[in-house]
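Trainee: Could we go through this structure together, starting with what kind of model it is?

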Amino acid sequence: MTLSTPKRLAWRDELKASLHFSQTVATTLPLGEEDCDRITAAQTHFPFMVPESYAQLIDWQDPTDPLRQLLLPSVYEQDDQGSLDTSGEALSTVVPGLQHKYEQTAVLIVTQACAGHCRYCFRRRLMSKDVMTKETIEDLQVAIAYIQTHPEIDNVLMSGGDPMVSSTRRLANLLAALAEIPHLWQIRISTKLPAFLPSRFTSDPELLQVLAQYQERFQIVFQCHFDHPREITPAAEQALAVLRDAGCLLTAQIPLMQGVNSSVDVMETLFKRLHRLSVLPQYLFHPRPVKHALHFQLPILEGLKLVEGLRQRCNGSVKRFRYILTHEDGKLELVGLTPGPEPQLIGRWHQRRRGNDYPDILFLPIDPQTMWLPDALPS
């Protein structure tokens with residue numbers, strides 16, 4: 001069964017069409033009864049949503065299709081092991097919607113909404129009907145006041161959900177408020193919409209005007225989320241070109257996931273295609289032990305082997321990325337192993353949580369089954 005190609009729409013209309021499409025997939029997509037039942041069950045917990053145009057990229061009849069695994073609820077989601085806060089974000093929240101984990105960075109949780117629901121999402125608690133948590137900005141002035149009184153904060157990361165689902169007017173209001181804080185020089189926006197909803201950037205000239213307006217005040221960085229090379233469509237390339245032309249710096253933060261991109265071949269293609277489009281891979285994240293999403297994990301030793309294979313195929317400009325485990329106490333770079341019959345994992349703090357007094361380099365026990373590291377690390 002071939003899906004009909006959706007009409008090119010303005011981004012808001014496309015988002016509405018995708019919402020309707022996601023609610024009618026049982027009669028639209030070529031899925032079996034079990035898959036449809038899992039989608040129905042998911043709607044009562046962590047919702048199912050797939051952008052209508054993105055659905056064209058997926059072979060819905062192939063259970064091994066990586067993009068299908070990315071978005072289609074799995075039987076493995078019944079496993080309730082793991083955590084809904086793998087990075088200690090509750091410890092970092094200083095006022096509702098504002099996190100201050102790292103000395104120089106404030107994170108604003110702008111929205112709980114997304115254009116699609118990735119099953120691996122490390123913030124699935126924001127959309128989970130089981131948790132019903134509220135972590136977005138409720139009073140912007142309180143958050144602004146906190147940043148104003150902390151001059152060590154020199155950059156703000158807008159996150160969510162996906163902040164680019166917000167209206168252009170709201171984004172403009174956020175930038176205007178942040179522009180009044182003299183010690184800020186950089187704004188980063190974390191988004192998957194170049195892959196999920198490229199029309200957000202190509203059908204909204206007002207957005208480009210807003211970005212241009214604040215280019216002199218801030219360096220604006222879009223941290224683009226691409227999980228697989230097939231997401232880099234002509235429409236996505238056009239969206240990235242629009243952002244480049246607007247003067248924005250583009251980076252990529254890529255989660256490593258079993259069954260989606262856990263091969264050297266896939267990662268090599270992804271990294272090189274992004275680099276060719278001036279999207280610089282910054283982090284490769286080791287898969288987190290997210291509750292209901294443990295099936296995306298793989299052992300650290302397998303991850304290290306993949307990273308070494310990837311670096312062997314890339315030149316220096318491409319392999320500047322860091323392989324990161326986002327621990328409760330900070331971003332721990334997974335460097336490699338000590339030599340000998342009983343090797344240890346070498347970890348280096350890429351960024352520490354404020355007040356973290358661990359030494360710069362850690363040597364940690366590891367075995368072939370080690371998927372993650374304990375909350376309390378040996379000092």
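Mentor: The conversation below covers the sheet, one of its strands and some helix packing.

Mentor: This is a predicted model, in which local features need pLDDT of at least 70 and side-chain atom pairs count only at pLDDT 80 or more, while totals for chains, interfaces and linings use all residues. Residues are numbered from 1 along each chain as its sequence is written, and side-chain values use heavy atoms, with hydrogens and water left out.

Trainee: How many strands form the open sheet, and in what order?

Mentor: The open sheet is formed by 12 strands in the order 1-2-3-4-5-6-7-8-9-10-11-12, with mixed pairing. Strands here are DSSP runs of E with at least two residues, helices are runs of H or I with at least four, and both are numbered from the N terminus. Two strands pair if DSSP finds at least two bridges between them.

Trainee: Which strands stand at the edges?

Mentor: Strand 1 (93-95) and strand 12 (361-365) do; each has a single partner strand, so one side of each is left without a neighbour in the sheet.

Trainee: Now strand 9: is it largely enclosed or left open?

Mentor: Strand 9 (residues 322-327) is largely enclosed by the rest of the structure, because 5 of its 6 residues are buried. Buried means under 20% relative accessible area, exposed over 50%, and partly exposed in between, with a 1.4 Å probe and protein chains only.

Trainee: What joins strand 9 to strand 8 and to strand 10?

Mentor: Strand 8 (residues 279-285) runs parallel to strand 9 and is joined to it by 3 bridges; Phe285 has Ile324 as its bridge partner. Strand 10 (residues 330-337) pairs with strand 9 in the antiparallel sense over 4 bridges, and there Ile324 is partnered by Glu333. Strands 9 and 10 form a hairpin with 2 residues between them.

Trainee: Changing topic, how do helix 6 and helix 7 pack?

Mentor: Helix 6 (residues 140-148) and helix 7 (residues 168-179) pack at an angle of about 30 degrees, with axes 10 Å apart. Axes are lines fitted to C-alpha atoms, for helices over the stretch in contact, and angles run from 0 to 180 degrees between N-to-C directions. The two helices are therefore roughly parallel to each other; angles under 35 degrees count as roughly parallel, over 145 as roughly antiparallel, 65 to 115 as roughly perpendicular and the rest as oblique.

Trainee: Which residues make that contact?

Mentor: Leu140, Ile144 and Ile147 of helix 6 and Leu174, Ala177 and Leu178 of helix 7 make the contact, meaning heavy atoms within 4.5 Å.
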